[in-house]
Amino acid sequence: MLELHKVSRLFGGLQALDQVDMRISERRIVGLIGPNGAGKTTLINNISGLDHPTSGTIRLEGNEIHNLPPHRISGLGIARTYQNIRLFGEMTVLENLLISQHGRGRASVLDSLVFTPHFRAEERRLRDTAMQLLERFHLAGMAHQLAGNLPYGDQRRLEMARALATGPKLLLLDEPTAGMNPIETEQLGQQILRLRDEQLTVLVIEHDMSLIHQVCDEVYVLNFGQIIAHGTPEAIKHNPLVIEAYLGREEENELAVGERKG
Ligand SMILES: Nc1ncnc2c1ncn2[C@@H]1O[C@H](COP(=O)(O)OP(=O)(O)OP(=O)(O)O)[C@@H](O)[C@H]1O
Ligand SMILES: [Mg+2]
């Protein structure tokens with residue numbers, strides 16, 4: 001369903017993405033891992049239209065999408081969450097979902113201006129759908145609280161609910177369990193698995209290898225903007241290139257700490 005061909009992104013002299021080839025088939029849960037700064041978020045930014053490749057092509061169901069703005073890509077059925085949570089903190093939990101559904105309703109502008117029965121029925125339908133999503137993510141009891149007042153884990157789940165409120169076929173998750181405890185992480189894994197049962201396709205960036213093992217059919221590994229491995233979670237775990245990429249960075253970090261101390 002999604003195909004990246006030789007996608008590169010240069011920031012000045014920095015090659016954040018370097019000839020990335022990737023194929024994501026329908027109803028798969030695909031993991032994207034790699035050390036800090038490997039280019040994972042940049043990749044999702046380029047798929048979702050927030051950023052654009054310097055070269056290369058991105059196709060969704062055969063159509064090029066890499067020059068489209070975010071709202072067009074969203075309209076084609078791609079939704080995402082953000083590594084740094086982006087919610088409307090001064091709006092309620094429910095309003096955050098309703099605003100996300102905007103544009104999905106079938107009532108016309110004229111309907112809304114004169115407030116026809118059709119418009120009212122549409123509003124009710126969107127509200128019901130939003131409440132169902134909140135229930136599913138155990139947020140229904142907080143529907144009328146300000147999103148900014150929710151605990152961190154709840155905000156992460158609200159981000160996912162909000163992305164789903166747009167009715168996507170492909171969901172991009174950027175570190176959805178960051179800041180969650182192991183129990184919350186496992187539960188979020190169950191939610192991700194349920195999405196695949198509902199015919200969705202998921203690309204998930206994650207540092208937590210237990211989550212990767214729990215949910216992913218296949219995994220891509222990025223290092224310095226390049227795909228260095230692709231395979232099952234089990235195969236990736238034993239891949240020497242992957243082990244080296246992670247160890248290499250650890251040594252680098254230790255060195256940096258040592259230098260600072262000295
Ligand atoms: N807008 C930008 N301008 C310049 N450099 C950028 C920009 N966005 C990202 N970079 C650089 O591109 C590289 C990849 O960053 P990116 O955020 O994609 O990494 P990441 O794999 O998501 O890392 P992390 O695990 O820390 O989230 C980094 O070196 C980063 O500093
Ligand atoms: Mg990132």
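Analyst: A residue is near a molecule if its C-beta atom, placed from the backbone, lies within 6 Å of it. Keep that cut-off in mind; this is a predicted model.

User: Which residues surround ligand 1?

Analyst: Ligand 1 is surrounded by Phe11, Leu14, Ala16, Gly34, Asn36, Gly37, Ala38, Gly39, Lys40, Thr41, Thr42 and Gln83. Two elements, β2 (14–24) and α1 (40–48), each give two or more residues to this shell. The largest share, three residues, comes from α1.

User: How do the residues of the shell divide into nonpolar, polar and charged?

Analyst: Four are nonpolar, seven polar and one charged.

User: Now the sheet. In what order do the strands form it?

Analyst: Strands of a sheet pair through backbone hydrogen bonds, either parallel or antiparallel. Here six strands form an open sheet, ordered β6-β7-β8-β3-β9-β10, with mixed pairing. The edge strands, β6 (78–80) and β10 (226–231), each pair on one side only. From one strand to the next, the twist averages 20 degrees.

User: Which helix packs on the sheet?

Analyst: Helix α7 (residues 182–197) does, touching β3 (29–33), β7 and β8. Its direction makes about 150 degrees with that of β8.

User: How many bridges join β7 to β8?

Analyst: Five bridges join β7 (residues 170–174) to β8 (residues 201–205), and the two strands run parallel. In this pairing, leucine 170 stands opposite threonine 201 in β8.

User: Last, helix α3. Which of its residues are buried?

Analyst: In α3 (residues 93–101), the buried residues are Val93, Leu94, Asn96, Leu97 and Ser100. They lie on the same side of α3, because they cover an arc of only 160 degrees around the axis.

Notes: Residues are numbered from 1 along each chain as its sequence is written. Chains are lettered from A and ligands numbered from 1 in the order in which they are written. This is a predicted model: local features need pLDDT of at least 70, side-chain atom pairs count only at pLDDT 80 or more; totals for chains, interfaces and linings use all residues. Two strands pair if DSSP finds at least two bridges between them. Helices (H or I, at least four residues) and strands (E, at least two) are DSSP runs, numbered from the N terminus. Axes are lines fitted to C-alpha atoms, for helices over the stretch in contact, and angles run from 0 to 180 degrees between N-to-C directions. Two residues are in contact if their C-beta atoms, placed from the backbone, lie within 7 Å. A residue is buried if 20 or more other C-beta atoms lie within 10 Å of its own, exposed if 12 or fewer, and partly exposed in between; C-beta atoms are placed from the backbone. The arc is that of the directions from the helix axis to the C-beta atoms. Ala, Val, Leu, Ile, Met, Phe, Trp, Tyr, Cys and Pro count as nonpolar, Asp, Glu, Lys and Arg as charged, and the others, Gly among them, as polar.
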